[in-house]
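These are my notebook entries on one structure. I set down what I looked up, in the order in which I took up each topic.

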Amino acid sequence: MKSLIKQLVETPGPSGFEYEIRDVIREAIGEAADEIRVDALGSLIAKKGKKTEQGLRVMISAHIDEIGLMVTHIDDNGFLRFTNIGGVSPMTCYGGRVLFMNGTRGVIGMDSIEKGKTLKLTDLFIDVGATSKDNCPVKVGDVCGFDRPFLDLGKRMVAKSMDDRVAAAVAIEVLKRLESTPHEVHFVFSTQEEVGLSGATTAAYGVDPDLGFAIDVTRSGDTPRFSPKMATALGDGPAIKVRDSSFIADPRLVDWMIKTAEEADIPYQLEVLEAGGTDGRAIQLTRGGVPAGCVSIACRYIHSPSEMVDSDDVENAVKLLVKLLSEPIVLK
Amino acid sequence: MTENPKITASKVPEIGKSQFELLEKLCNATAVSGDEHEVRQIVLEEVKPVADEVEVDALGNVLATRFGHGENRVRVMLAAHMDEIGFMIVKKHDDNLFQFERIGGIDERQLPGKAVLVGREHLSGVIGAKPIHMTTPDERKKKIAVDSLRIDMGPEIGDKVKPGDRATFATRFKVVGPSIRAKALDDRLGVAMLIELLKHAPGNIDLLAAFTVQEEVGLRGARVAAYRFNPDMAIAVDSTPAYDLPHWDDEDQNVQYNTRLDEGPAIYVMDRATIADRRLVTLLTDSAQEEDIPFQFRQPGGGGTDAGVIHKTRAGIPSISVSVPSRYAHTAIGLARIDDWANTLRLLHAALIRVTPDLLAGERRG
Amino acid sequence: MIDLSDLLNKMLTAPGLSGYESPIREIIREAWEPLTDDLSISKIGSLHGLKVGQGDAPRRRVMISAHMDAIGMMVTHIQDGFIRVTEIGGIDHRILPGQPVIVHGREDLPGIVAQPPGYLLPESVGDGPVEMKYLLVDVGLRPGEVAEKVRVGDVVSYAQEPLALTGEALSGHTLDNRVSVAATTLCLEALQNCFHDWDVWAVASAQEEETLGGAFTSPFDIQPDIAIVIDVCFAQGTGSSDWRSLPFGEGVGLGYGPNIHPALYDAFEKKAKELEIPYHRDLMPKMSGTDAMAVQIVAEGIPCAVLGIPLRYMHTPVETVSLKDIRRAGRLMAAFIADLKPDALDHINWEE
């Protein structure tokens, strides 16, 4: 699975510009799905399975967009000013490298080192090596993602955009490993999550599911002086989300997920995320309401160019979802 | 007129005397978010004679449709909001002065010493401020708190005004050289253009015109209008700030100008609410180039338009925004160029006549 | 004849935090069973009670929405048998130290919110208010037992019992918004003896305090023609004396602002005057802070009225209301509904 994750995280595709990553995913899925379509906002939806009497129409949502930057102004010397796409912290920018959709690469510089403590995005600029507006290979409106190669540390893996490409990898793996299911499963590779859950919102309306799971990363409370204290840790298993700041997972579904993990001897942890939202909300508030939950992958340094996850957590997340989807889901 | 057989012939709307009169009427009307009555009446009067269907929905949006002819017509929704930023009277104090709250985003520093019009009757009032003689230098360094401001309508206002009534700045519309000077250019310019486009609706599309309410308090009207119309694509027509003033430090350029006056209609690639469908960006830029219409890209960044909720409606609707640049939006007096207005209208019309089913046939790619 | 104090006692002692409304939903179901023709539960846990109208089909639908969920806390972390929590809904951390709470773990455990002494906290806290992330809940058990009985994600509610104060005032936690559910129950009771054309959908909505989830989803299925949202509003009292607060115990609030259809405001005002039910215009210049924010913009849009029961000390364990205002709200809603003619919707327009 590591090579799939590597391929996914290294493909550029900030919110709204997911066409390349969508093509990569489509190819990775190959013939494993029964049907594939792309909706109006660019989300890729792969259907698998036929609904039996005990089955449900289930939506799985993993978002394929990443955070990035968009050029707002090019000055006379070819330096680029930019705005953020999704949640980008100035702290993670200085000295970072970017890759534009048109292949141009650059680095992020800062107005003055004194700005350090109160650094804002408007104090930064991108240098693509141009010397004037005229020989600049990039124009206002062009977008870039952060540029960092995948790093395999053995049990741990590091890359930019583990949020949420690692979940896309999990979804692809689940799709491939799912041999029999009583459900009609719609794997949604959603767009524009980082800017307001747009892809999942519209995909959920179109799919009109009976039940849904998002797959996303969540913070990991196991680094020095992490505050507020959080019980999740890398290596403790896929996290069953109880809530995040955007929605409260259906408690009946949480209980079912716990039961399923315990019966299948899959390690798991429970997650309460105080600051961060996911596609789960978009699914839950669709139409007349949908019981929704989320399988999370604990992740350190979220929204930095070096997000770290545990490879066993990733494998166990796949196992957990395959188990959940292979049997009826009973909410009491 | 044109050699391209794909382009449907349709009269290009122009800005003339009656367009100015209509804009003046619209800008001078009072229609604060949630109480859009006055502008709604003007809109209904203008659209009823030309639309095939007109309805006013549960929130007060005016939804007007003009059907085209031929098969496989694309359903295009255009949205312009009728509401403006303003105030609500919240309390009458014993001294016959009225406390108020702001509706929509208004910088509190724009309030002291302004004239306002209150209620449906447009009664005159002023937002008073302490005489400078009575202030200290230290005091003058701090902002005046909104809840300490009062609207004064004279000692015998009596019961003519009560908490709940709305108010706006009292600015009256005026043409000054190449410019228009008025309040509520955001978005009466859009409303005026939408009325014109409805009158000149081209035959290749179904034109679904939504004159929306409550944009300034959360894009609320557009959400239900889009659900109702369920269009194939949408364009929000608004007015966007031009911060094209000079930087204090001449060495630095102003790099956050958003848009500039005299550079034509502003096409949105991304704001805080919508990432435009690139196919629509291309439609607009191609149309502009073919018809020789100047245009600019609005600097990607903050802000939002009705497109922000439209694109998320139902199973998703490809959307984009186009705006007339104007200075001093959300203050008492806005300023826009007549040319920019005219060119925005031309650009929208040019884009509409070029819409075909092929436009959105493939996948969204950026 | 429903005993309001009795009903409130039952409703106020049943837990039901946002997302975890089952216990209170059961109580409401029991109360609404004899008053409705059909009861159902939405996919995310709201309770829908239908009282069929007596008019000829097809009948119009009026939906009453009163959120049943409560604010509270949720376990985020357990350290040495001490429990850390985060909020569900908005809580001012300054009212927490020393509060009695109930941790709903594998069993209900009485707990105390402990404010650790300054020397156990970062220096920056000093002797100022202690944020929620530094507070601890002590359930009086040894760490091993806590580990068995409590886990991350368990919910925690206030333990304050309802108190009767003078002048028919009632104090306790979760009056926001159980008092509105009680008023809705009184309304349904009054309708037993009235002829009403329209179908009435009483909804005890879920998750208002967190996502307005119930308010976004129930109307999608019910498709009402108009909606009455009933919630608590600010009453004048300690710390709240400005224009946003209504007098305490002196009448219901009628919401006024963009969230509310002016024709419905007018209809409610007219009815209140007719029945001599005291009321005050409750100004909501932008948003109402209630389910109406969502209900109004579901699908093609729904005209809303917002009724408020004035309440002091909102979101604390000692919220206080006047029982008189609860009764007034119930009566006013019932009278309004009984008055709805089959063509009433024609007059709810924007032509004024």
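Entry 1, domains of chain B. I first looked up the separation of the two domains: the centres of domain 1 and domain 2 of chain B, taken over C-alpha atoms, lie 31 Å apart. I noted that 16 residues of domain 1 of chain B and 14 residues of domain 2 of chain B take part in the contact, where contact means heavy atoms within 4.5 Å. Domain 1 of chain B comprises 17-84 + 183-360, and domain 2 of chain B comprises 86-169; such bounds come from an automatic or database domain assignment.

I recorded the conventions before going further. The model is predicted, local features need pLDDT of at least 70 and side-chain atom pairs count only at pLDDT 80 or more, while totals for chains, interfaces and linings use all residues. Residues are numbered from 1 along each chain as its sequence is written, chains are lettered from A and ligands numbered from 1 in the order in which they are written, and side-chain values use heavy atoms, with hydrogens and water left out.

Entry 2, the area between the domains. I read that domain 1 of chain B and domain 2 of chain B bury about 1300 Å² between them, with 57% of it on carbon and sulfur atoms. Buried area here is the accessible area (1.4 Å probe) that two parts lose on being put together, summed over both. How many salt bridges are there between domain 1 of chain B and domain 2 of chain B? The count is one, a salt bridge being a side-chain nitrogen of Lys or Arg within 4 Å of a carboxyl oxygen of Asp or Glu. I also looked up B:R120, which forms a salt bridge with B:D35, with 2.7 Å between the closest N and O atoms.

Entry 3, chain B against chain A. I found 27 residues of chain B and 33 residues of chain A in the contact. Chain B and chain A bury about 2500 Å² between them, and carbon and sulfur atoms give 54% of that area. B:I275, B:K312 and B:R364 supply 23% of the area that chain B buries against chain A, more than any other three residues. Three salt bridges cross the interface of chain B and chain A. I also noted the salt bridge between the side chains of B:E363 and A:R26, at 2.7 Å from N to O. There are 13 residue pairs in polar contact between chain B and chain A, both at pLDDT 80 or more.

Buried means under 20% relative accessible area, exposed over 50%, and partly exposed in between (1.4 Å probe, protein chains only). Helices (H or I, at least four residues) and strands (E, at least two) are DSSP runs, numbered from the N terminus. The buried residues include B:H37, B:R40 and B:E46. Their cover includes helix 1 (17-28), helix 3 (185-199) and strand 12 (205-212) of chain B.

I located C:R84 in strand 5 (residues 82-88) of chain C. C:R84 is buried yet has no salt bridge, and the nearest side chain of opposite charge, C:D80, is 8.0 Å away. For charge, Lys and Arg count as positive and Asp and Glu as negative; His and the chain ends are not counted. Beyond its neighbours within four places in sequence, C:R84 contacts residues including A:K229, C:H77 and C:Y134.

Most residues other than glycine have a negative phi, and most peptide bonds are trans. I looked up the exceptions below.
- A cis peptide bond joins C:A57 and C:P58, with omega about -5°; C:P58 is in the loop between strand 2 (47-51) and strand 3 (61-67) of chain C.
- The peptide bond from C:D176 to C:N177 is also cis, with omega near 15°, and C:N177 lies in helix 4 (residues 175-191) of chain C.
- A:R287, not a glycine, has a positive phi of about 45° and is partly exposed at a relative accessible area of 24%.
- C:Q223, not a glycine, has a positive phi of about 50° and counts as exposed at 53% relative accessibility.

Conventions. Polar contact = N/O pair within 3.5 Å; in protein donor to acceptor, adjacent residues only side chain to side chain.
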